[in-house]
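Please keep the sequence and the model in view while reading.

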Amino acid sequence: MKLSEELQWRGFVAEHTLDQISDLDKAPHNFYWGTDPSADSLHIGHLAALMMCACFVRHGYTPYYLVGGATGQIGDPKDTVERDLKGLDEIEKNKVALAKQIIKVTHSPEGTQLVDNYDWFKDIKFLPFLREIGKAFSMTQLLDRQFVQKRIGEGGSGISYAEFSYTLIQGYDFLHLFRTYNIDLQLCGADQFGNCTSGIHLIKRLENAEANCYSCPLIIDKVTGRKFGKSEGNAVWLDAEKTSIFDFYQFWLNQSDEALEDYFKYFTFIMPEELKQILAEHAKNPSARSGQKRLAEEVTKVVHGEEAAKQATKITALLFGDGKITDLNDSDLDLLAKSFPTTKIGAKLIDILVQTSLASSKGEARKLIASNAISINGIKATEDQVIEKTSLIKRGKNKFAVVR
RNA sequence: GCUGGGAUAGCGAAGUGGUCAAACGCAUCAGACUGUAAAUCUGCCGGCUUCGGCCUUCGUAGGUUCGACUCCUACUCCCAGCACCA
């Protein structure tokens, strides 16, 4: 399968500046993909983009991953409101965290090439920047951008000069990377396409060379119709501290039948032949959720590794399988204790709920008990009680804690 | 710079002196149903609570009042128009 064919099959095709996608098959290029350190973890929106990058890498392309220490100090404008500036300490912290994750998820054998645009922006002087870069941009075009119109128009929330200029910074990145590493292709999510073209424009104008940009569609949650991301508030993080491996696995396990095929293509390395089998198998008996199980396993493997995926699968079997929770042996309990908050026996249920973060306060704990949301070893708890033996506490459908 | 309009909970949006922790919608969370799905219905939905209450919120800081989201003053930010600039 050629690169262009695989991209199309996987649905990794939105806007691009190539004459035709098959141009990508001719010879591998150096490309970059970047993100801003606006949070201390990547989420599954980024994962889709990284999986697209992985496609290119498998076909011989050389990747560079950019963490935007400079761009992160300004913030990519949203089409609604101005972003709050992040503290420099926070940006620094986020940068380190994201770099680590990118290395982990891409796990390329020859080492992942990371760059940080702060490295070249920290020495840039305002006047030379305006003379070289600012002069290359037409104000009319900058103002014509859709989000700018929305922000400054009636009912808009306004936009600062800083955010307005963001695209110049990102455009300069591309130019710099072109000059330094001969990178002439930028991969991005569809929402970044505009910023990418700023770079193409600069390279054309200042280097008289051709560069291209290739974007993948934003992944839409089939259920809610919203994109996956931090600002949507439905983020599923790649950091196990923020979204536990079990929750991550459960997220995929809970996907609808309709979403399966797309998600396999976006988020796993599974190829057409095998996917066909998986889907056929699933269609025979949808309620067995075999497709979701495989999806959850595969994506968890990509992000958290083989061992973690196995454990999540096993835990799920323990909790939702046929066996009784009271039948669990010690090694099962050890495994559960590793994945869920654990506390000692002898305390009251309400305190345990708070200790294990299943409830954020005693008041909430009481409310949850009153609304039938809490069960102990599979039996609904209707009132506060002292937990005196090893138990599995469950809140709602899939939040757990172990008392032992 | 001037004139007018605006800033309310995660988001959107009511509220124009007491009955406001604040209508309504969306989202979240929980329950029923189910395939750990979807749809639907129900409850919750600022924080804490010994469930009696207590505390903190309506851009910020003051003021008037027994009492302010509601009135006044100043400030910050946004929008629109005008002016300035070109």
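Helices (H or I, at least four residues) and strands (E, at least two) are DSSP runs, numbered from the N terminus. On that basis, the secondary structure of chain A amounts to 19 helices and 10 strands. The model is predicted: local features need pLDDT of at least 70, side-chain atom pairs count only at pLDDT 80 or more, and totals for chains, interfaces and linings use all residues. Residues are numbered from 1 along each chain as its sequence is written, while chains are lettered from A and ligands numbered from 1 in the order in which they are written.

The C-alpha trace of chain A spans about 75 × 50 × 40 Å along its principal axes. A residue is termed buried if 20 or more other C-beta atoms lie within 10 Å of its own, exposed if 12 or fewer, and partly exposed in between, with C-beta atoms placed from the backbone. Of the 404 residues of chain A, 36% count as buried. Two residues are in contact if their C-beta atoms, placed from the backbone, lie within 7 Å. Among the contacts in chain A with a separation of 6 or more, 70% involve residues 24 or more positions apart.

Chain A is divided into domain 1 (3-216), domain 2 (244-321) and domain 3 (324-404), with bounds from an automatic or database domain assignment. The centres of domain 1 and domain 2, taken over C-alpha atoms, are separated by 31 Å. Seven residues of domain 1 are in contact with seven residues of domain 2. On the side of domain 1 that touches domain 2, α1 (3-10) and α2 (44-58) each supply at least two residues, and α2 gives the largest share, three residues.

A nonpolar core is a set of buried Ala, Val, Leu, Ile, Met, Phe, Trp, Tyr and Cys residues joined through C-beta atoms within 7 Å. The largest such core has 88 residues, of which L47, A48, M52 and L187 touch the most other members. The largest share of this core, 10 residues, comes from α2. Leaving aside neighbours within four places in sequence, L187 is in contact with F31, W33, A49, M52, C53, F56 and Y214.

A residue is near a molecule or strand if its C-beta atom, placed from the backbone, lies within 6 Å of it. There are 33 residues around RNA strand B, and G158, S361, G363, A373 and G396 come nearest. The elements that give two or more residues to this surface are α12 (245-253), α16 (306-320) and α19 (362-370); α19 gives the most, with five residues.

G396 also belongs to a hairpin: it lies in the turn between β9 and β10, which has three residues, and its positive phi is about 60 degrees. Two strands pair if DSSP finds at least two bridges between them. Strand β9 (residues 391-395) runs antiparallel to β10, joined by five bridges, and R395 has K399 in β10 as its bridge partner. Strand β6 (residues 342-343) pairs with β10 in the parallel sense over two bridges, with T343 opposite V403. Four of the five residues of β10 (residues 399-403) are buried, so this strand is largely enclosed by the rest of the structure.
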